[in-house]
Each structure stands twice: as structure tokens, then as C-alpha cells.
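Please look over the sequence and the structure shown here before reading on. The paragraphs below are meant to be read beside them.

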Amino acid sequence: MSTRAKELLVVGIVLLFCIIAYLGKVYGWVDTVVFSPMVSMIVVGIIILGLVFVLIRTLQGRLINRQVVFLFVGIAVIMPFFMSITQKIRTSPEVQQLYDAVAELPKGSKVLVSFDYDPPSAPELQPMAEAFLYYCLSNDLKVIIMGLWPQGAQQANLALEAIMKNEKLAAKGLEYGKDYVNLGYQAGNEFVIQRMGADFSSMFRTDYSGRHYEELELVKNVKNFSNIDYSFNLSAGYPGTQEWVQVAVDRYGLKMGCGNTAVQAPMMYTYLNAGQLVGLLGGMNGAAEFEQLVKYPGKGTKFMLSQSFAHMIVIAFIIIGNVAFFRSGRGKKL
Amino acid sequence: MEHVALWVAAFLTLGIISFLYKDNPWYKLCEAIFVGISAGYWFIVLFWDNIVGKFWVGVFPPKELNDVGELVNSVEPDYWLIVGAVLGVLMLMRLIPNIGWISRWPLAFIIGCTSGLYLINYFSSNMMRQVQGTIMPLLGMNYELSTYDIIGNIIIVIGTFTGLIYFYFSKEHKGWFGRAAKVGIWTIMITFGASFGYTVMSRMSLLIGRVDFLFGDWLGLIN
Amino acid sequence: MRREVPLLITGIVGVVFVLQYFIPHWPFSQVNTWFSDWFSIVGAFAIWLGALNLLKISALKVIGKKSDWGYAIVIIISFIIMVAIGFAEGKEFREQGTMFSWLYEYVYSPLSATMFALLAFFVASASYRAFRARNLDATLLLMAGFLIMLGRVPVGDSISFFLPENYQFSQVASWIMTWPQTAGQRAIMIGIALGLVSTSLRIILGIERAHLGGGD
């Protein structure tokens, strides 16, 4: 059989599996799959045996193909979705700091939340957004939402939609315009923040749905940052937390915490240490920790098992590579 | 429509993932779609948000009825915005070779704005505030800090100072200066290691998001 | 005209932004507002320039029948479809239920997210093939990465359960992030800020002219 034929065969089998699974979902033949603890352990055992095999091959001086490494990563990320292993998540000081800052706000305080990300960064930031909004609204804090990224305001609506399904929040009978408001997206990056320092309404003449700023009870008396008690910025890049710190925090004295993608989180520790930020959620781990604190277990918590497995695989490959490196003599090319 | 949407998204996701096997026509097709769609996306977003939303609506504000039933401008027109549009059109002159030089004017404006803004913002927040954050009483304002925090403060001071020494290339890294630079590079290596760990975390999170889509939203095999 | 005017524009605009920081009142506040609006408008035209350039390059590839020219057609078609739909749907193009938001949600987002997700695989492969503790510097980098990856997921504490609570991996990771990582990050941040500030000053004063290109 030629290589092309084999490739087509594999694609055909995968496609057939997907069609069957999809039809199963649509017509209700197939339910969600959950491994028993025993099967989960067997899967973990097989992964470990695979890694031992890779170690032996590497020690023999034969590096495995990168496709095999990819396969391990894929398995490590996919399999935990089917497992039912619970993990204890410990809270980091910066996450606790953010929680404390919000927890000590008196009822009715105004919290400004800026959604500066788009759907591709949602796996990390959407769980943070949901947990944060849930905590604020369930504790009678007033939430003012805005976005410096075109899709930010939509992400906020998705988060609001998700948390409103929660019984506790649904029972509160929250009112748009009074308890929370979405001012929508405004183009202009850090210039928007700068002009908000003088006057919010100059940047947001209407809210997301076109209602005039002055008609919204929650914000009609909000002139600038001096009327905001705390701010939370969800950021995936530029414009994001750095610009908020440079303009809103350092020029206008806004008290702010942030939730960042893990890639940019390390930089935020400098702002945290200098007191420019009060609290930080870094990546999916930060989201999971905050979900635990506010007792709103969402996707952050759910994804942490896959995250654990994925990290362990990368660590295992680093160890294997280095063991082989030292066994073969330092500096000798494998 | 939802079925089509899910299959399209899955087709494209798997197309990009197929690159892991090798470069192939499926991947190249998805890549080309990505390039075209993203260019079109930003073209439209900036047209409606900046050119229409800022310029057009600013110069020709929407009309609304006043108290006596007359149609009036909802806000005062801002004719100064026309200068911005003129600069924007000058930028497009770059496409015409003979008068392409005129696009330097709007470019100079953009560079001037960025320079002025960065000069102040970075000087204040990323330099002075960081220096201020580093030069702190090591034992606390009232000598109240724990040993853990005192050690941490010492690490911050030494790490930052030696890190800066490492970046100073006007003096040869020899003697005490070289030793300090060595400590600096160790600190920076730890920083890079931590950033690497966080980058792995971030990329894995995105992958987890895609897996959640494929096995959850699309195939319905997971909750 | 070709060099003096741009230099003058850069200088005046830059100085206004600096002055506005110290005197945030009229007239500087007003001029700053104009400049920020113009900046957004000019930025939009600049992206247009980029998009038109992409179309030009793709079209030339198709006309010249260069390698993979078929994919250049796909780029042009995708671009035209997105733009045509975006124009047709008006300024509500972003609302839920529009064709534009459909394309964004089911075409752009999956492609973009998966592109970045691919890096997860390559990071793992690079870790196996190239991430070696060859010397002290590399060892420090490797150990920091190793401890952060372990400490930032719950499995780290499960592995180090036998250690006192304050010495488990999550605490070690927190310690690294809070102190040595912050110190290094701060040195880099101050270094970058120094570079940016000096370059900005050179540009505003007209000493740095590279951005204006060659010629008269």
C-alpha cells in the first residue's frame, strides 16, 4: 500500500468515527464518556510505560520522531477530559490578594471590568471573567463593563449569559442598567483610558445596545475613575493591563487587579510588587484558583486535569532529554 | 446552520492540526483562508469603528428629535476630525510611486504620537515606579517584615541591580563588574525559565480549548 | 517639504503629548483629544494599506503563476468574502446572528486559536530535543521552568505531598514568581523603558530620522 493510500485510509477512518460520534450526539445514541477510576489508572499506566520506552530509546542514542512527541502531548491533553480524578487546588498569594480586594468592597461599590481579549484567548480568560462577574454580582457589587478589544464586549455578554443560569444569581433578579451595564467597545486603545480619566461619557455616549449614557442609572453619576471603587482588567495583549497601569493606575490613581493570559502574566508581577496592581490571576491556573475561592467551579477547574497532564508530559520529555544528555557525556551531541 | 458551523470549525481546526503530521494541502488551504479572513476582518472592523464610528459620525452626527419635535444633531459636529481623514488619505498615497513621499506626513504624525505617549508612560510607570518599587526599606517601614519577606526584598534589590548591570555594555564585564553581571544573568535566566513555564501553560490552555471544542461542542463525547 | 515637514510634525505632536501629561488642561487637553482621534483614523487607513498590499502581492502571485498560486486565490477570495459581508451588514456587523459574526466565530476564531495551540506541540518537542542543562545559566533556566510548570498545576503538590506544606511545589513556584522572577523581569522592564524613552526623545528632537526613510 502506498503512503498516500495509507494516509487516505487513516483520514477515512477518523472521518467515519467523527460522523458516527456526531450522529450519535444529534440523535442521542451516544452519551458523554467518563472513564472509571480503574480505566483512568490504566490509561495513566500506559502513558508512563510509553515514556519509559521513549527513555530507553533515547538512552540507546536513538531520538524518537517529533510526531511521537506530538502524539504524547495529544494523548496527555485529550485523555483527562474523560477521567474523573479530583485535584486539590491551592490558592496563590496574588489570587488571594485579588479576592480580598474585592471581598472588602462594601455593597453597592462600583467595579469597572474591561474585557480586552477575543475568542482565541477565551480558554484562559473566559473562566476568570465568569467567576469574577459571578462573585461581584452575587455580592451586590455594581458592575460596569467595557472593552478595548472589538470582541471584548461580546465576550462579556457571553459571560453574563453563562452566570445568569446560576440559581443563586437568577434568584436575585438582577436588573440591567441598575446592577450591571455593558458600555461596549470603544476604539482608540490607551487614548480611550486617558480620556475616560476626564470623562467616561465622552468615550461611551451609548451603551452596547444603544441606550444613552445619561439614561443608565448605574453610570449616570459616574464621571471618571474617581467614581470607581475597583477595576478588573482581563487582558490578552495590547491594549491591556500594561496600558491600564500606565494611564489609569499611575495617572488617575485607579485601584486595579487583573486577569492575564499566562504568556504575559510574569511581567505583571513587577507591577504587583510595586503596588500598581492589587491582585493577579495568571492563566488557567489563576482562573481555577479564583473559581475555588468564589465557589463557582467552571471551566478553569475542569481543564486543570488536562493542564496537569500536559505539564507532566513536557517535564517528562525535559527529564528524558537531559538524562540521555548526561549519560552520553556532557556536551556530546545526541 | 449550527451543524454546518460546527463542521466548518472542526474542518478548519483539524486542518491546522494536520500540520503536525507534515505540511500538506489541507493545512495550506486553512492557512490561506486564515490570512484572507483575518485581513478582511481587520479591514472591516477598522472601517466601521474608526473611519465611520469616529470620523463620519463625529463630522456628521446622527439626528434626533428635540423637545419641540425638530430634527437636530445629537451632538455638535467636530470638523477637526477632517484633518485625521486627510492624513489617512495621504497615507494611501504610498501606493502611488510619484507622490509616495507624502505618506511620510501621516507616518510622522503616528511616530510623533507614539513617541510622546511612550516617553511619558514608560518613563513614569515602567521606569520610575519600578525604581521606586526596588529602593524600599528592606526590613519594612517599621521593621515589621518577616525573614521570608526580608530575604525576598534583598533578592529583588540585588537581582534588579545586577540585571541592569548585565544590560550595560559600555563597560567591559570584568572584575567586580563582571561578577555582578554574572549574578544579573542568573537572575534573568530564572526569569526566562519562569516565562517558559508560563508560556507552556498558555499554549497548553489553548490546545485544551480546542480539544474541548472538538470532543465537547462538536462530537459531544465530553461534558 | 519631504524631510522638514515630517520632522516638524513629529516634534510638535510628541511635545504636545509630553506637555499634556504635565498640564492636562486646555489647550493641551483639547489638542490631545484631536490627536488621539486622528491617530485612530490614520491607524485605520494604515491597516487598509496593509490589506491592499496583501491583495497586490497575492494577485501578482496568481498572474505570475508562482508556486502555490492556487492558495493566493484562496486568500483573495476569503478577503473579498469577509469584506463584502462586512460592508453589506452595516455597522451592526458584529451583532450575534450576522454572517460576519458567524465567519468570525466559526472560521477566524478556530483558525487563530489552533494556530497558537500548535505551539504547544512544538514546545514539547523542543523540550525533548534542545532543552539541556549544558551550563549553570541553562540549568537555572531549566530548573525555574521545571519548578514553575510543576508548581502551577495541582499535580505538583500531589507529588510533593511528603514535604512540609510551605515547601511543596506550589509554594516554591510562588516564591520564584514573587522574588527572583520579579527581580529579573524588573531589570528587563527598566532596560526596555530606558531604551524606549531615549529613542522617543531622539525621535521627537529629530536626531533619529530612520523612520522617514532615504531620499530627499
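What follows goes through confidence, then the separate chains, then the contacts between chains, and finally some local details.

This is a predicted model, in which local features need pLDDT of at least 70, side-chain atom pairs count only at pLDDT 80 or more, and totals for chains, interfaces and linings use all residues. Residues are numbered from 1 along each chain as its sequence is written, while chains are lettered from A and ligands numbered from 1 in the order in which they are written.

The predictor gives the complex an ipTM of 0.93 and a pTM of 0.93. Confidence in each residue is expressed as pLDDT, on a scale from 0 to 100. The average pLDDT is 92 in chain A, where 99% of the residues score at least 70. In chain C the average is 91, and 98% of the residues score at least 70. Helices and strands are DSSP runs numbered from the N terminus (helices are H or I with at least four residues, strands are E with at least two).

Chain A contains 13 helices and 6 strands. Its C-alpha trace spans about 70 × 55 × 40 Å along the principal axes. Burial is counted from C-beta atoms placed from the backbone: a residue is buried if 20 or more other C-beta atoms lie within 10 Å of its own, exposed if 12 or fewer, and partly exposed in between. By this count, 51% of the 334 residues of chain A are buried. Two residues are in contact if their C-beta atoms, placed from the backbone, lie within 7 Å. Of the contacts in chain A with a separation of 6 or more, 74% are between residues 24 or more positions apart.

Chain B has 6 helices and 2 strands, and from the N terminus on its elements run α-α-β-β-α-α-α-α. The radius of gyration of chain B is 28 Å, well over the 17 Å that the globule rule gives for 223 residues, so chain B is more spread out than a compact globule. That radius is taken over C-alpha atoms, and the globule rule is 2.2 Å times the number of residues to the power 0.38. The C-alpha trace of chain B spans about 75 × 55 × 50 Å along its principal axes. Of its 223 residues, 46% count as buried. Among contacts in chain B between residues at least 6 apart in sequence, 20% join residues at least 24 apart.

The contact between chains B and C takes 99 residues from chain B and 97 residues from chain C. Several helices of chain C each supply at least two residues to its side, including H1 (4-22), H2 (28-63) and H8 (180-204). The largest share of that side, 20 residues, comes from H8(C). By class, the side of chain C that touches chain B has 74 nonpolar, 16 polar and 7 charged residues. Here Ala, Val, Leu, Ile, Met, Phe, Trp, Tyr, Cys and Pro count as nonpolar, Asp, Glu, Lys and Arg as charged, and the others, Gly among them, as polar.

Chain C also meets chain A, with 41 residues of chain A in contact with 41 residues of chain C. On the side of chain A, helices H3 (66-78), H8 (190-196), H11 (265-273) and H13 (299-327) each supply at least two residues. H13(A) gives the most, with 14 residues. This side of chain A has 24 nonpolar, 13 polar and 4 charged residues.

H11(A) and H8(C) pack at an angle of about 95°, with their axes 8 Å apart. The two helices are therefore roughly perpendicular to each other. Among the residues that make the contact are A:Tyr269 of H11(A) and C:Arg186 of H8(C).

Some backbone details remain. The peptide bond from A:Tyr238 to A:Pro239 is cis, with omega near -10°, and A:Pro239 is in the loop between S4 and helix H10 (241-252) of chain A. Another cis peptide bond joins C:Trp26 and C:Pro27, with omega about 10°; C:Pro27 is in the loop between H1 and H2 of chain C. A:Lys295 is not a glycine, although it has a positive phi of about 55°.

Methods: pLDDT = per-residue confidence, 0-100. Axes fitted to C-alpha atoms, helices over the stretch in contact; angles between N-to-C directions. Parallel < 35°, antiparallel > 145°, perpendicular 65-115°, else oblique.
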